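The tour below goes from the whole chain to single residues, one selection at a time.

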Amino acid sequence: MTDIARNLAAIRARIAEACARANRDPASVTLVAVSKTHPAEAVLEALAAGQTVFGENRVQEAQQKFPSLRPAHPTLRLHLIGALQTNKARDAVRVADVIESLDRPKLAAALAASIRKEGRTPELLVQVNTGDEPQKAGIPRAEAGAFLRACREEHGLAISGLMCIPPVGADPRPHFAWLAELAAKHGLRTLSMGMSADYEIAIAEGATLVRVGTAIFGHRDYPPAAA
Ligand SMILES: *Cc1c(COP(=O)(O)O)cnc(C)c1O
């Protein structure tokens, strides 16, 4: 077994245990393997170990790694999880199965136009800046409800859920709980929350997608630039 296969097995076991503690069906939680900065060989190792869902935070890196893998791996699902520039919307719609970082009206308009042009509709999650951190992507808490309505009513976008990245160093639990409450209020079923350090807490709070990078692929050599 490779390290990646071993890490995946250990994480799947911990996800199952966290689900058992929370009285949840383990099938209700999907592990998104965040492969950003790691080479295609690492993705291939994960695929060989049965992992089919991956996350990347830059459109260009996703384009370099993933389209060529699809023919041999038709069940592969790619999530874009990084801040997305409006001028990358069309490439994002082409390459992704899920875009988790919809966070502002201009991007909603650009994605809606790209979806019409491409005839391809990735699943969309709205990213909420639950810590209202000025440097961080995501719609501010107070604007999230109105933005969700605008996505549906003004842009005609179907939103399937919410995503958040709690502030570094903070207790993530209240952030996860707040996001779960917002999702319930808007009838949204998909909740993307939890990373290597806190995915078990996120599962306890209702996460349906956990985004795990370091615990699967090891440390990243360089910090990825913005998308
Ligand atoms: C990099 C990244 C992750 C994975 O983080 P790890 O701590 O390596 O598990 C999850 N979510 C987002 C949005 C990321 O950019």
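## Start at a cysteine

Select C164, which counts as buried at 1% relative accessibility; buried means under 20% relative accessible area, exposed over 50% and partly exposed in between, with a 1.4 Å probe and protein chains only. This is a predicted model, in which local features need pLDDT of at least 70 and side-chain atom pairs count only at pLDDT 80 or more, while totals for chains, interfaces and linings use all residues. Residues are numbered from 1 along each chain as its sequence is written, and side-chain values use heavy atoms, with hydrogens and water left out.

A disulfide is a pair of cysteine sulfur atoms within 2.5 Å, and the structure holds zero of them.

## The whole chain

Zoom out and colour by secondary structure. The protein chain has nine helices and nine strands; these are DSSP runs numbered from the N terminus, with helices being H or I of at least four residues and strands E of at least two. The chain is as compact as a globular protein of its length, because its radius of gyration of 17 Å is close to the 17 Å that the globule rule gives for 227 residues. That radius is taken over C-alpha atoms, and the rule is 2.2 Å times the number of residues to the power 0.38.

Along the principal axes, the C-alpha atoms fill a box of roughly 50 × 40 × 30 Å. Buried residues make up 50% of the 227 residues. Among contacts with a separation of 6 or more, 60% are between residues 24 or more positions apart; contact means heavy atoms within 4.5 Å.

## Helix α6

Hide the surface and select residues 141-153, which form helix α6. Which residues of this helix are buried? They are A144, G145, F147, L148, A150 and C151. An α-helix has 3.6 residues a turn, so residues three or four places apart point the same way. The buried residues of α6 pack against several elements, including β4 (98-102), α5 (105-118), β7 (159-164) and α7 (173-185).

## Strand β9

Go to residues 209-212, strand β9, and pick R211. Is R211 buried or exposed? R211 is buried, with a relative accessible area of 3%. Leaving out residues up to four places away in sequence, R211 touches V32, V34, I81 and E100, and also C164 from the opening stop, among others.

## The loop between β1 and α2

Next, select T37 and H38. The loop that holds H38 runs between β1 (30-34) and α2 (40-48), and T37 is in the loop between β1 and α2 too. T37 has a positive phi of about 75° although it is not a glycine. Most residues other than glycine have a negative phi. T37 is buried at 13%, and H38 is buried at 10%. Beyond its neighbours within four places, H38 is in contact with E61, K65, F217, G218, H219 and R220.

## The loop between β5 and β6

Move to K136, in the loop between β5 (123-129) and β6 (139-140). Outside four places in sequence, K136 is in contact with N129, I165, P166, P167 and V168.

D132 is found in the loop between β5 and β6. D132 has a positive phi of about 45° although it is not a glycine, and it is partly exposed at 42% relative accessibility.

## Last stop

Finish at G82, in the loop between β3 (77-80) and α4 (89-95). G82 is buried at 9%. Its contacts beyond four places in sequence are E56, N57 and S101. G82 and A137 are 55 residues apart in sequence and 8.6 Å apart in space, C-alpha to C-alpha.
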